[in-house]
Amino acid sequence: MYLTKLLETYGVDTVFGIPGVHTVELYRGLAGSAVRHVTPRHEQGAGFMADGYARATGKPGVCFIITGPGMTNIATAMGQAYGDSVPMLVISTVNQHGRMGSGDGWLHELPNQQALMSQVSAFSYTVNRPEELALVLARAFAVFDSERPRPVHIELPINVMLADAGHLPVPEKVTRLSRPAGDAVAIAAAAKALEGARAPVILVGGGAIKAAGKVRALAEKLDAPVISSTNGRGILPPGHPLTVPLSPSCASSRTVIEAADVVLAIGTEFGSTDYDMYEDGFFHIPGTLIRVDIDPKQIMRTRAAEIGIVGDAGACAEALLAALPDGNHDGAARTAAAIAKAPADLTPAMRGDLAMLATIRDTLADVLIVGDSTQLVYAGNLGFRSAQPGSYFNSATGYGTLGYGLPAAIGAKVGQPGRPVVSLVGDGGLQFSVAELASATEAKTPVILMLHNNNGYGEIKSYMVSQNIPPLGVDIYTPDLLAIGEAYGWHAEVLAHYADLPAALKAAASRDIPTMLLFGDEVRAEAEKVAPAV
């Protein structure tokens, strides 16, 4: 009960979890609170739901997880959130003092649960006395608020969970920290370099999405093309004259970067899945590099910056705006040149997939698109133009897990019930988390599942063939997915033609139950025929 009250003080309104014999006491206080509980069908699903909730709302996703198998199950989801800098609070139990790590075979025992979780979290902490709980929660929210957000794991030994906390006060308000604004000397050095630039370029990532308006204003003041990572899509809207459309893994975008004498990177880690997706090693920044990041270590990873600014993206962009005069650097012309070269970076199939994504964006206002590791998403990560920041995210970055798309979409819909949420998943990926179809129905979250069925792991099969490896283990048995969807209480139908997609999406958005739209490569081929060049 004390824990629940503390969480409410921090504004927590939703918890994802599966009750177990070691966690039922956590539910004693939850039952009478204003906090909503959502039950997934697997702890990995709980983590993915928390991830989607966090990305959709900007608030940390919170999970209650049992000892042992619950923690090993959620570790994959925490790994994805860790790689993508997603705030997640995982509260678990652990065997009581005297049994913890004894090796005596107690229920759910691990040799060192905290050591395991420390690999996928900003920190993992064992609460040894009830008096420690308020302080460790304060530490967790300090991570979420003022440094690079990542999962935090707090474990409660069963005897501590059962201890009396009635004497402990629940604060009426809690201290929340702000992010650093950036060192004035470093800001001045960056402004001087940018003012003297001949052809500046801005690179943006997920760390800049909350600062989208200021980054856009900065780009316009500098007259600098903007190239985004997957998680930075939408910081500049589609059609903006400074929006370079394709990923920095593509030659057309790399040409702009290589011609720049000053590159300003804001909230982006230069991860290979964004900057070197094909692992060809051709991503280079020959010009002066300025990096703005909340994580000081990141500023010196992959490509060390000549000028590093540790601070909040918005505050630093605002400071640079105040320090810089208006520039005239042919930004629109350089962007247009990149757009002209972009078609050569995309196969016809990729252009068709991008056309399907654009149809989803243009049909459903304010849509959130949540993807698994699947072919539409791979194309989208190269060139989808999201209408707004934080509205397109997936697991085909960084950690790169399968099974993410459906539960993350459920979490996003829980957090943003008024927005349409579309999940992009393949038949192989869906079978990693197919039971979460039940969770969507139970939680009354009418998500729209765009399910690409090619009867196997198509992307991996293509890769094996390209490497002259006999395709083994990729042509998997695929059950009747429509029947499964209907059995779980979904509206399920086949999308027979690409031209039918807008009407199908509008109908799905009007339902109060989830919708599965199953389509095959024939629909993708139809989209390919009518797709624009970029």
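## Basis of the description

Residues are numbered from 1 along each chain as its sequence is written, and side-chain values use heavy atoms, with hydrogens and water left out. Because the model is predicted, local features need pLDDT of at least 70 and side-chain atom pairs count only at pLDDT 80 or more, while totals for chains, interfaces and linings use all residues.

Helices (H or I, at least four residues) and strands (E, at least two) are DSSP runs, numbered from the N terminus. Two strands pair if DSSP finds at least two bridges between them. Strands of a sheet pair through backbone hydrogen bonds, either parallel or antiparallel.

Strand β10 spans residues 288-293, and five of its six residues are buried. Here, buried means under 20% relative accessible area, exposed over 50%, and partly exposed in between, with a 1.4 Å probe and protein chains only. Strand β9 (residues 262-266) runs parallel to β10, with five bridges between them; leucine 264 has isoleucine 290 of β10 as its bridge partner. Strand β11 (residues 307-310) is also parallel to β10 and is joined to β10 by four bridges. In this pairing, valine 292 is the bridge partner of isoleucine 309 in β11.

## The six-stranded sheet

An open sheet is formed by six strands with parallel pairing, in the order β13-β12-β14-β15-β17-β16. At its edges lie β13 (392-394) and β16 (491-494), each of which pairs on one side only. From one strand to the next, the twist averages 20 degrees. For such angles, axes are lines fitted to C-alpha atoms, for helices over the stretch in contact, and the values run from 0 to 180 degrees between N-to-C directions.

Within the sheet, β14 (residues 421-426) and β15 (residues 448-452) share five bridges in the parallel sense, and serine 423 has leucine 449 of β15 as its bridge partner. Helix α14 (residues 348-363) packs on the sheet and touches β12 (368-371), β14, β15 and β17 (515-519). The direction of α14 makes about 160 degrees with that of β14.

## Threonine 268

Threonine 268 is found in the loop between β9 and α11 (272-275). This residue counts as buried because its relative accessibility is 5%. Contact means heavy atoms within 4.5 Å. Leaving aside residues up to four places away in sequence, threonine 268 touches several residues, among them Leu203, Ser229, Tyr275, Arg291 and Asp293.

## Aromatic rings

A search of the whole structure finds nine aromatic pairs. Rings of Phe, Tyr and Trp (its six-membered ring) pair if their centres lie within 6.5 Å; planes under 30 degrees apart count as stacked, over 60 as edge-to-face and the rest as tilted. Tyrosine 10 and phenylalanine 141 are stacked, because their ring centres are 4.2 Å apart and their planes lie at 15 degrees. Tyrosine 10 lies in the loop between α1 (2-9) and β1 (14-17) and phenylalanine 141 in helix α6 (residues 133-146), so the pair ties together parts that are 131 residues apart in sequence. Both residues are buried.

The rings of phenylalanine 48 and tyrosine 404 form an edge-to-face pair, because their centres are 5.3 Å apart and their planes at 75 degrees. Phenylalanine 48 belongs to helix α3 (residues 43-57) and tyrosine 404 to the loop between β13 and α16 (405-415), 356 residues apart. Phenylalanine 48 is buried at 0% relative accessibility, and tyrosine 404 is buried with a relative accessible area of 0%.
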